[in-house]
Every structure is written in C-alpha cells, then in structure tokens.
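Thanks for passing this one along.

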Amino acid sequence: MKFSFARGALALMATLSLASCGGGKATFPINVTVYGVSYDGLVLTTNGQDLAVNHTGTGADPVTVTAVFPKQLDYGETYDVVPKPVVTPTTVTAADGTTSTVNVTTYKYPLHQTCQQSGSYPTNLPTYGTAGQLSSIQIYYVCSINAYPLVAKVTGLRGTGLTLANGSGPAPVAVSPTLDANSAPTGADITNLSLFSVTYNTTYGVTILTQPTGQTCTISGGANGTGAGTMDDAAEKAGGVSNFVIACVNNPT
Amino acid sequence: MKSSILRAGVALACALGLAACGGGDGDLLLQGTIYSGVTKTGLVLTNNGGDDLAIPAGATSFQFSRAVSTDDEFNIEVKSYPSNVKTCTINNGKARANYYTIAQVTMSCEIKTHPFKIQIQGLTTNGLVVVNGTDRRDVLPNTPVLEMSPVYEDGPYGVTILTQPTGQTCSVANGTGTMGSTDTDNNKVVVTCA
C-alpha cells in the first residue's frame with residue numbers, strides 16, 4: 001500500500017516537473033513587417049496560409065504595414081514566407097507558327113510594385129526557418145514602385161557629343177554614332193536605345209542636353225509628342241514608352 | 001666605463017621599444033569606402049592632421065599611403081572639399097588602429113544644390129504643366145517666376161512642356177543645361193506663351 005502511494009506521488013511529481021519545464025505546447029506567431037507599401041494587392045504565403053497586406057493611409061504614400069499570419073506554428077515546424085506565386089498557362093507562338101503552352105509565374109505583389117526581402121541591417125533576416133530557432137519569428141519585406149524604360153530610335157547621328165537628359169534626376173545619357181570598319185560614322189539608325197528608367201506615376205521629359213558636333217538633333221515621341229509624358233497605366237501596360245525618335249541633321253555650312 | 005655601456009644599452013632598448021610600439025610606421029593600411037558625392041577633384045583627407053591624401057573624382061574608396069601600427073590613434077578629417085561639395089560625413093573616422101577598425105571607415109559627401117527658377121511670360125490661361133523630369137508643376141496664369149525643385153551643382157536640367165495651356169501655345173528657351181555654381185546665374189530658362 002505504502003509502496004503504491006510512493007509510486008503515485010512520484011508519477012505526479014514527474015508530470016508537474018515536466019509541465020514546468022516546457023512540456024506545455026509552445027506556438028510561434030509569424031510576424032510580418034512590410035516597408036514601402038504604396039498600393040493594395042500584396043499576398044504573402046507560408047505553410048498553406050495566405051496573408052493579405054494592404055495599403056493604409058491616403059493616396060499612394062508609402063507606409064510600413066505590420067501583420068501576423070492567422071495560424072501559429074508549432075515548435076520545429078519549418079516556414080518560408082514568400083509573395084504568393086500565381087502560375088498562368090500561356091500560349092506562345094514560335095517563329096515558325098507552332099504554338100505551345102508554357103507556365104508563366106507571376107507574384108501577388110502590390111499593384112505597380114515589387115517586393116523583396118530586406119537587404120539592409122538590421123532587418124536583413126532570412127524569410128525562412130524553423131519555429132523555435134529564434135525566440136520569435138519576424139519576417140521583413142521591402143516594396144518599391146516599379147519603373148519602366150524610355151526607349152528611343154536615333155536617326156542620322158554622325159557627330160559625337162550627343163547627350164540626353166531627363167530633368168535633373170538621373171545622369172545624362174551619352175549617345176555615340178554607329179561606326180563602320182574604318183571607324184567613320186555611318187549615320188545608321190540606332191534602335192532600341194534604352195534611355196532612362198521612369199517610376200510609375202511620375203513624369204518624364206527628355207531633352208537634348210548637348211548637341212553632337214556639326215549636327216542638330218530634335219526629339220519627338222513620349223505621350224505628348226515632344227518628349228514628355230507621365231508613366232501612367234497605359235505606359236505601364238506597354239512595358240514603358242518606346243516611341244521616342246531623336247532625329248539628327250547636319251548643320252548648314 | 002661600465003656605466004656608459006649600460007647607458008648605451010638602455011638607450012638602444014628604449015629606441016627599439018619605441019619603434020615597436022608605434023613610434024614609426026606600422027603595417028596597417030588605413031582605408032575607407034566612399035558611398036557618394038565625389039564627382040570632382042579637390043577632396044583632400046588628412047589623418048591626425050597630416051599625411052594628405054587627394055581623392056580623385058569618382059573614387060569609391062581611399063587608402064592612406066602611410067601605414068599605421070596597432071593601437072595608434074587615427075583621426076580622418078577633410079582638409080579641403082571639391083568646389084561642388086557642401087559637406088562630407090565621415091563615419092568611424094576616429095579610433096585606435098587594429099585590423100577591424102582600419103576597414104570600417106565610410107564617407108559620403110553632399111553635393112551643393114541651387115534654386116531653380118523659370119521665368120514665365122505671357123501666360124493668361126489655365127492648364128500649363130511644366131516638367132523637369134519627374135518634377136512636375138502646374139502653372140497658374142500670370143505667374144512671373146516658377147520655382148522648381150533645387151538642382152545639384154554641375155547636374156543637368158531639362159525643362160519641357162508636358163501640357164499646353166488652354167488656347168495658348170508655350171515654348172521653352174534655354175530649357176536644357178547644366179546647373180552652375182551660384183544661386184542666380186542659372187535662372188535663364190524662359191517659357192514664353194502666346
């Protein structure tokens with residue numbers, strides 16, 4: 001009788017001591033901080049859960065959004081928090097006319113934005129890991145507004161020294177004439193010349209900063225036909241503005 | 001006789017000892033990273049007020065020619081600025097030298113900016129929008145001077161008309177150029193409307 005009592009007490013003690021040293025179930029919330037959110041639409045995903053991160057505040061002012069995934073993780077569960085991929089089967093037509101279907105993967109970023117893992121200290125922590133590795137799970141992402149190129153065709157350029165500016169922001173772009181085998185300028189068209197990268201919903205105005213020697217160039221294109229415009233929805237959909245023409249003619253002698 | 005040998009010995013020991021603990025050149029090359037703002041020649045750095053080091057335009061790093069010894073104190077300061085620089089900020093520029101501290105120096109320079117004003121002539125209607133790249137301004141009728149965002153010294157500007165005003169046509173004279181070194185000699189961009 002006495003012996004069994006002792007056994008019971010021992011079992012009770014063991015249970016109590018186990019509970020006190022963490023035998024109870026610990027869970028880990030997945031905390032998320034996203035910097036630079038200017039628009040709605042970001043969805044982060046991990047462990048079969050989705051978390052929508054939307055813009056708060058007025059206009060498109062960039063804000064920092066904090067959120068927590070709905071379900072917590074158990075100790076030892078792995079996680080990998082990524083922008084939710086969307087796979088779209090797309091039909092592509094090859095040069096010979098045959099069609100095939102390829103899967104195109106896009107991500108649920110905010111509208112007009114792209115988000116990446118934070119790259120700067122102290123928030124440049126991995127977005128994957130195992131629950132319990134660190135005392136808490138903290139995920140950081142940084143979103144930036146997309147930028148699209150201004151693409152030009154340069155005609156008749158023979159002189160050197162042509163530079164183009166887009167206001168005061170980016171460095172001016174220098175354009176050199178095409179040369180033949182003897183290093184003489186041919187005046188041949190320069191096509192698909194990427195000039196500047198312009199952020200969505202900002203304006204651009206391309207001007208000629210310096211004229212090439214012995215020539216005068218004029219610029220046309222852009223949304224207003226004279227080199228200026230806004231990187232709006234239509235321009236974004238087209239992947240940039242590519243109707244710039246810089247036409248150069250020799251100065252009268 | 002014996003004491004003079006001893007004295008010479010002590011002097012020698014002292015000399016060696018001094019040399020060993022930083023009296024002379026060491027083996028640590030003091031260096032740094034330049035993040036931004038050095039677009040012209042003219043920047044000169046000093047260490048402890050000497051060892052002048054001229055930094056060429058566009059440099060992204062620097063290294064003093066004279067090596068320092070472990071535990072030597074170094075103090076990097078700017079002796080002279082390029083003409084277009086307002087100020088330079090040096091981080092971790094003052095410390096005692098060791099393998100870690102000699103490679104932790106960073107510097108960024110801030111380039112001067114100047115006000116950028118455009119003269120507007122003859123504008124009597126609404127709707128004129130003027131841009132300098134991403135700097136977009138709606139211009140009201142009868143505005144004599146339009147103040148744009150400041151422009152960096154030696155930096156480009158390119159003013160164009162994004163939208164013409166109702167019933168008028170405006171043109172830009174001297175719209176593109178490079179910002180000079182004073183606050184006033186660049187205000188020659190004129191938008192004339194008729």
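1. Does Ser183(A) count as buried or exposed, given its C-beta neighbours inside 10 Å? Please keep in mind that this is a predicted model. Ser183(A) has 6 such neighbours, so it counts as exposed; the cut-off for that class is 12 or fewer. The residue lies in the loop between β16 (173-175) and β17 of chain A.

2. Asp51(B) sits in strand β3 (residues 50-55) of chain B. It has 15 C-beta neighbours inside 10 Å and therefore counts as partly exposed. As background, most residues other than glycine have a negative phi, and most peptide bonds are trans.

3. The peptide bond from Tyr121(A) to Pro122(A) is cis, with omega near 5°. Pro122(A) belongs to the loop between β11 (113-117) and β12 (128-130) of chain A.

4. Now the layout of chain A. The domain assignment gives domain 1 as 27-145 and domain 2 as 147-250. The C-alpha centres of these two domains of chain A lie 36 Å apart.

5. Have a look at the hairpin of β9(A) and β10(A). Strand β9 (residues 85-93) of chain A is joined to β10(A) by nine bridges, and the two run antiparallel. Within this pairing, Thr93(A) has Thr99(A) in β10(A) as its bridge partner. Five residues come between the strands of the hairpin, and Gly97(A) takes a positive phi near 95° there. How many of the nine residues of strand β10 (residues 99-107) of chain A are buried? The number is zero, so strand β10 of chain A lies largely in the open.

6. Next, an open sheet in chain A. Its four strands follow the order β17-β14-β21-β19, with mixed pairing. Strands β17 (190-199) and β19 (215-220) of chain A are at the edges with a single partner strand each, so one side of each has no neighbour in the sheet. From one strand to the next the twist averages 25°. Strand β14 (residues 147-155) of chain A pairs with β17(A) in the antiparallel sense over seven bridges. One of the pairs to look for is Ala152(A) with its bridge partner Leu193(A) in β17(A).

7. Chain B has an open sheet of four strands too, in the order β11-β10-β13-β15, and its pairing is antiparallel. The edge strands, β11 (135-139) and β15 (176-178) of chain B, each pair on one side only. Here the twist averages 25° from one strand to the next. Strand β10 (residues 128-132) of chain B is joined to strand β13 (residues 156-163) of chain B by four bridges, running antiparallel. Val130(B) stands opposite Ile161(B) in β13(B).

8. Val130(B) comes up again in the packing. The largest nonpolar core has 45 residues, and Leu150(A), Ile118(B) and Val130(B) have the most contacts inside it. Leaving aside neighbours within four places in sequence, Ile118(B) is in contact with residues including Val130(B), Leu146(B) and Met148(B). A second, separate core has 18 residues, among them Val32(A), Val34(A), Ile137(A) and Ile139(A). In soluble globular proteins, nonpolar side chains tend to be buried together.

9. Last, the contact between the chains. Chain A gives 18 residues and chain B gives 18 residues. On the chain A side, β15 (162-166), β18 (203-210) and β20 (228-230) each supply at least two residues, and β18(A) gives the most, with six residues. By class, the side of chain A that touches chain B has six nonpolar, twelve polar and no charged residues.

10. Ser168(A) has 23 C-beta neighbours inside 10 Å and so counts as buried. Which residues does Ser168(A) touch, not counting those up to four places away in sequence? They are Asn132(B), Gly133(B), Val151(B), Tyr152(B), Gly155(B), Pro156(B) and Tyr157(B).

Note on methods. Residues numbered from 1 in each chain as written. Chains lettered and ligands numbered in written order. Predicted model: local features only at pLDDT ≥ 70, side-chain atom pairs only at ≥ 80, totals over all residues. Domains from an automatic or database assignment. Contact = placed C-beta atoms within 7 Å. Nonpolar A, V, L, I, M, F, W, Y, C, P; charged D, E, K, R; others polar. Pairing = 2+ DSSP bridges. Axes fitted to C-alpha atoms, helices over the stretch in contact; angles between N-to-C directions. Buried ≥ 20, exposed ≤ 12 C-beta atoms within 10 Å, placed from the backbone. Core = buried A, V, L, I, M, F, W, Y, C linked by C-beta atoms within 7 Å.
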